[in-house]
Amino acid sequence: MIFSIGDKVAFKKENIEGEIIRINSIYKVIVLSSEGFEMNVSSKDLVKIDKSTYKADSYGLNFPSKDL
């Protein structure tokens, strides 16, 4: 995935969000995490956060539930 500076991202395998602040190559980027740490990470470990689909109601309002 191609990222741009300023993109909001989430890590695929960890519960961390951040923002792209520097692009080293198409494979490595620097992310400023929401905790304030700069991390050099592989771009394949990130997904871009799309503001229009980053809400619970973006996926519908009626979800089936199973009584326990």
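**Notebook: strands, core and surface**

I am working from a predicted model, where local features need pLDDT of at least 70, side-chain atom pairs count only at pLDDT 80 or more, and totals for chains, interfaces and linings use all residues. Residues are numbered from 1 along each chain as its sequence is written, and side-chain values use heavy atoms, with hydrogens and water left out.

**Entry 1: strands.** I looked up the secondary structure and found five strands and zero helices. My terms here are DSSP runs numbered from the N terminus: helices are H or I with at least four residues, strands are E with at least two. Along the sequence I read the pattern β-β-β-β-β.

**Entry 2: pairing.** I count two strands as paired if DSSP finds at least two bridges between them. Strand β2 (residues 17–23) runs antiparallel to strand β3 (residues 28–33), with five bridges, and a hairpin of four residues joins β2 to β3. I then followed β3 to strand β4 (residues 38–42), also an antiparallel pairing over five bridges. There, Val 31 faces Met 39 in β4. The β3 and β4 hairpin has four residues between the strands, and in it Gly 36 takes a positive phi near 100 degrees.

**Entry 3: core.** Which residues make up the largest nonpolar core? I listed nine: Phe 3, Val 9, Phe 11, Ile 16, Ile 20, Val 29, Val 31, Val 41 and Leu 46. β1 (8–11) and β3 each supply at least two residues of this core. By core I mean a set of buried Ala, Val, Leu, Ile, Met, Phe, Trp, Tyr and Cys residues joined through side-chain atoms within 4.5 Å. Buried is under 20% relative accessible area, exposed over 50%, partly exposed in between (1.4 Å probe, protein chains only). In soluble globular proteins, nonpolar side chains tend to be buried together.

I also checked Leu 46, leaving out residues up to four places away in sequence: its contacts include Phe 3, Ala 10, Lys 12 and Val 41. Contact means heavy atoms within 4.5 Å.

**Entry 4: whole chain.** Of the 68 residues, 25% count as buried. Among contacts between residues at least 6 apart in sequence, 29% join residues at least 24 apart.

**Entry 5: Tyr 27.** Is Tyr 27 buried or exposed? I noted it as exposed, because its relative accessibility is 59%. Tyr 27 lies in the loop between β2 and β3.
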